[in-house]
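Come and read along as I look things up.

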Amino acid sequence: MKIWVDADACPVVIKEILFRAAERTQTETILVANHAMRIPPSKFISRLQVSSGFDVADDEIVKRIEKGDLVITGDIPLASEVIDNGGQALNPRGELYTPENIRSLLNVRDFMDTMRSSGVEMSGGPPPLSQSDRQNFANNLDRILAQNKSS
């Protein structure tokens, strides 16, 4: 299993959790982004810079994942494609996207997008990551990594 990170919008604190987990579990972790970024020196952590453009990083992740790989993303359409291709997807708040919940999450996302497009004012984006979000992410990441090691 590899971990792919949709790194353009991934919070720094989540990347730090991922870096520690990659080292601890010796899991290859690839950050995909359309801009240069710093990563710690490690044989388990690498970055892949893609060109700028709508969904370029997402498309590259979908092209490269293999069955069982884990993708870290808050992008629900990307998560849906990952699941359709046999991968797992976890968002930075620690919510695991599953075949059972992805369709309803896509429906809500599309509904909200339609509302915004029609001129309905929606209050800001999601709240900042809380300490419990960080803990939830770390716990679910550890659980996934442990399941992978025992497989």
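**Entry 1: how two helices sit together**

I began with the terms: helices (H or I, at least four residues) and strands (E, at least two) are DSSP runs, numbered from the N terminus. Axes are lines fitted to C-alpha atoms, for helices over the stretch in contact, and angles run from 0 to 180 degrees between N-to-C directions.

I also noted what I am looking at: this is a predicted model, in which local features need pLDDT of at least 70, side-chain atom pairs count only at pLDDT 80 or more, and totals for chains, interfaces and linings use all residues. Residues are numbered from 1 along each chain as its sequence is written, and side-chain values use heavy atoms, with hydrogens and water left out.

Then I looked up helix 1 and helix 5, which pack at an angle of about 25 degrees with their axes 11 Å apart. That makes helix 1 roughly parallel to helix 5, because angles under 35 degrees count as roughly parallel, over 145 as roughly antiparallel, 65 to 115 as roughly perpendicular and the rest as oblique. From helix 1, the residues making the contact include Ile14, Leu18 and Arg24, and from helix 5 they include Phe137, Leu141 and Asp142. Contact here means heavy atoms within 4.5 Å.

**Entry 2: salt bridges**

How many salt bridges does the structure hold? I found 4 salt bridges. For the term, I wrote down a side-chain nitrogen of Lys or Arg within 4 Å of a carboxyl oxygen of Asp or Glu. Side chains of opposite charge can pair when their charged atoms come close.

I started with Arg24 and Asp142, whose side chains meet in a salt bridge (2.5 Å, N to O). This pair links distant parts of the chain, with Arg24 in helix 1 (residues 12-25) and Asp142 in helix 5, 118 residues apart.

Are these two buried or exposed? Arg24 counts as exposed because its relative accessibility is 52%, and Asp142, at 35%, counts as partly exposed. The cut-offs I used are under 20% relative accessible area for buried, over 50% for exposed, and partly exposed in between (1.4 Å probe, protein chains only).

Next I turned to Glu60 and Arg64, which form a salt bridge with their side chains (2.5 Å, N to O). Both lie in helix 2 (residues 56-64), 4 residues apart, about one turn of the helix. Glu60 is buried, with a relative accessible area of 15%, whereas Arg64 is partly exposed at 39%.

**Entry 3: a stop at Asp133**

I placed Asp133 in helix 5 (residues 131-150). Asp133 counts as buried because its relative accessible area is 16%.

Which residue does Asp133 meet in a salt bridge? I found Arg93, with the side chains at 2.6 Å, N to O. Asp133 lies in helix 5 and Arg93 in the loop between strand 5 (88-90) and strand 6 (96-97), so the pair ties together parts that are 40 residues apart in sequence. Arg93 is partly exposed, at 25% relative accessible area.

Leaving out residues up to four places away in sequence, I listed Pro92, Arg93 and Pro128 as the residues that Asp133 touches. I also saw that the Asp133 side chain reaches the backbone nitrogen of Ser130 at 3.0 Å.

**Entry 4: one last look**

I ended on Asn139, which has its place in helix 5. Asn139 counts as partly exposed because its relative accessibility is 42%. From C-alpha to C-alpha, Asn139 and Ile39 are 22 Å apart in space, and 100 residues apart in sequence.

Conventions. Polar contact = N/O pair within 3.5 Å; in protein donor to acceptor, adjacent residues only side chain to side chain.
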